[in-house]
Amino acid sequence: MANHRWPLAVSLYLRILRYLAPHSMVFTTAAVATAVFAALDAFSLVLVIPFLEALFRDAQEEMGSGSGWLGRLLAATVGRWPGTGADPLDRIQAVIVFILVVFAFKNLVDFLRGYLVARVEQSVTRDLRRQVYNHLLELDLVFFGRTRAGQIVSRLTHDIEQLRTLVTRELSRSAGSFFELAAAVVFMVALSWKLTLAALVIVPLTMAVWGPLVRRLRRGDRHVLDLAGEVNAHIVETLSGIRLIKASAAEEHECARFRALTGDYFGTFVRTERLRALAAPLTEMLAAVGTVVLLWYGVRLVLISSELTPEAFVTFVALSTKLYAPIKYLSKLPAIVQPGLAGAERVFEFLDAPVEIQDHTGARRFPGLSKEIRLEGVGFAYRPGNPVLQEVDLVVPRGSVVALVGPSGAGKSTLVDLIARFYDPTEGRITVDGVDTREFTLRSFRANLGVVSQETVLFHDTVRANIAYGRTHVSTADVERAARAAYAHEFVKELPRGYETVVGEHGTGLSGGQRQRLAIARAILRDSPILILDEATSALDTEAERLLQAAIEHLLVGRTVFVIAHRFSTVQRAEQIVVLNRGRVVEHGDHHALLARGGLYRRLHDLQFADAPAGPDPSSSSAVSPENEATLKADGTG
């Protein structure tokens with residue numbers, strides 16, 4: 001199993017490193033600064049040698065005496081520092097000043113390194129988050145139908161943060177640890193290669209400790225991220241369904257579900273961290289063993305064989321303290337990167353999700369509708385073998401209104417989703433003026449389409465921005481004209497800042513009728529030749545619906561309209577009424593013909609008005625009296 005996982009981890013990391021390419025110059029500079037910092041850090045400890053020489057040796061001896069390149073380095077640096085040739089006290093002071101200068105330069109380089117790494121970190125995070133977000137917007141409704149919103153939010157936030165630490169912070173730390181280790185080893189070898197071998201005996205033991213733990217940590221970290229996504233998903237569901245929860249007095253039920261989810265997350269997280277926590281004590285114990293070996297053997301080299309001077313031995317011990325920290329980190333690195341690799345897997349799952357509805361090769365711009373929209377043997381299934389629509393044939397002339405009715409689950413919304421190309425038919429085709437809609441580019445086709453859905457979508461923005469959504473360079477007069485046409489202008493004027501009022505998330509600061517009127521104003525402003533009204537007046541009371549319906553009928557003249565509504569009063573004057581049942585067209589005609597036929601349409605019609613109070617025929621004209629119109633305009637609540 002491990003043999004299969006390591007190539008996957010390597011391929012994941014190589015893919016992650018590609019995000020550094022646009023920032024290679026900054027990252028390379030950071031790497032150079034890291035190497036310089038490591039060299040200066042080790043060199044600052046080597047300066048103990050000239051300090052001890054100045055403190056204990058004869059003033060006539062040359063500073064930095066010794067053989068090899070290290071002696072020459074000390075003689076060329078601290079040995080030439082002003083004041084090192086005077087009396088012992090002046091020599092000590094000069095060495096101290098030199099050490100201070102080295103430390104100042106080292107910390108300046110450390111500052112530069114930290115700043116550059118942070119810049120690369122945030123640049124990579126920004127680029128990756130934008131790429132995932134842009135890809136999500138390109139994905140089809142099929143993807144969003146099978147993926148919970150909380151999982152999407154979790155991968156855009158928590159998982160990308162995990163990936164960020166892997167691609168930049170941990171990479172920078174591992175590079176820093178490697179350079180620190182290399183610099184320490186180079187200076188240690190220069191002092192005594194025998195003692196260096198004794199100090200490094202601990203390295204293979206430390207690396208071996210983590211082998212059995214890495215596989216379990218990888219599985220645990222993936223499970224932790226999955227459960228974090230489920231917790232986020234539950235929170236999103238709770239917030240979106242809070243009215244139902246309170247209306248059903250289901251607070252305790254949801255609390256119990258949340259306790260179970262967070263309990264699973266807690267248990268999995270603690271078990272995984274328990275494994276990870278073994279790193280510190282195990283590595284610390286191994287480091288202690290290495291230090292004991294180092295001290296025992298080093299004393300023998302100084303006192304018995306005289307292969308090492310006391311100053312060099314003290315410096316070597318100081319350098320060894322710099323040796324174990326990077327070894328400790330590098331030994332834990334396979335475990336540390338597991339959350340980032342697990343997050344990378346989950347993020348790349350989104351990035352690799354295919355865009356099923358996209359422009360075909362050679363797709364052309366949509367020229368507009370001039371004759372008709374035709375559905376020819378259209379069928380569709382969300383899952384193979386479970387069709388939602390079957391053999392739907394329909395001809396919709398330009399400028400006509402088609403109403404889709406039928407019981408819940410009959411396929412009405414799916415049919416208009418196919419017309420809008422949110423999905424493509426699995427059977428048959430949909431044509432505009434004889435050309436398959438799949439031959440047009442999605443952007444140009446949908447630019448000629450207006451949709452007012454059953455669930456009104458308003459963003460946390462101003463009223464003006466919500467009405468003008470999707471359009472640029474729209475004048476204030478055009479926005480207000482659309483609002484007046486949707487009978488929204490009167491209530492908008494009463495808002496605290498008028499058209500500049502922020503409506504709140506999902507338009508929570510407005511009533512249902514007000515939200516729906518703004519959505520209709522948006523569709524009116526869009527001025528699309530093809531309109532889809534999916535329960536567009538569902539949030540309005542009867543009188544407001546009649547007023548708005550009269551406005552819509554007036555404004556939609558010359559456009560091709562598909563209307564879905566359960567209220568028969570909103571569809572009865574359509575040129576065509578298509579009755580769907582179990583995914584098939586079972587009846588087709590105008591209102592009076594379908595009533596006379598006595599089929600499903602008549603049964604649905606009679607069922608809806610069976611308990612209606614005596615009064616005007618609901619099939620009669622929906623014109624609104626001047627008194628009602630004035631009342632509705634003044635009220636503006638719907």
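Predicted model: local features only at pLDDT ≥ 70, side-chain atom pairs only at ≥ 80, totals over all residues.
Six strands build an open sheet, in the order 6-7-8-3-9-10. Its pairing is mixed. Strand 6 (449–452) and strand 10 (584–589) stand at the edges. Each has a single partner strand, so one side of each lacks a neighbour in the sheet. On average, neighbouring strands are turned by 15 degrees against each other, direction ignored.

Strands of a sheet pair through backbone hydrogen bonds, either parallel or antiparallel.

| Strands | Sense | Bridges | Bridge partners |
|---|---|---|---|
| Strand 7 (residues 530–534) and strand 8 | parallel | five bridges | Asp534 and Ile564 |
| Strand 3 (residues 401–405) and strand 8 | parallel | four bridges | Val401 and Val561 |
| Strand 3 and strand 9 (residues 576–581) | parallel | four bridges | Ala403 and Ile577 |

**Strand 8**

How many of the five residues of strand 8 (residues 560–564) are buried? Five of the five are, so the strand is largely enclosed by the rest of the structure. In a regular strand the side chains alternate between the two faces of the sheet. Strand 8 is covered on both faces. Thr560, Phe562 and Ile564 are buried on one side. Val561 and Val563 are buried on the other.

Helix 21 (residues 512–526) lies across strand 6 and strand 7. Helix 21 runs at about 175 degrees to strand 6.

**A helix with two faces**

In helix 8 (residues 193–200), the residues Leu195, Thr196, Ala198 and Ala199 are buried. They cover an arc of only 160 degrees around the axis, which puts them on the same side of helix 8. Which exposed residues does the face turned away from the buried side carry? That face of helix 8 has Trp193 and Leu197.

**Two helices in contact**

Two packed helices are described by the angle between their axes and the distance between the axes. The axes of helix 2 (residues 24–46) and helix 3 (residues 48–56) come within 5 Å. They cross at roughly 15 degrees. That makes helix 2 roughly parallel to helix 3, because angles under 35 degrees count as such. Ser44, Leu45 and Val46 in helix 2 meet Val48, Ile49 and Pro50 in helix 3. By class, this contact has five nonpolar residues, one polar residue and no charged ones.

Key
Residues numbered from 1 in each chain as written. Heavy atoms only, no water. Buried < 20%, exposed > 50% of the residue type's maximum accessible area, 1.4 Å probe, protein only. Pairing = 2+ DSSP bridges. Axes fitted to C-alpha atoms, helices over the stretch in contact; angles between N-to-C directions. Parallel < 35°, antiparallel > 145°, perpendicular 65-115°, else oblique. Contact = heavy atoms within 4.5 Å. Nonpolar A, V, L, I, M, F, W, Y, C, P; charged D, E, K, R; others polar. Arc of directions from axis to C-beta.
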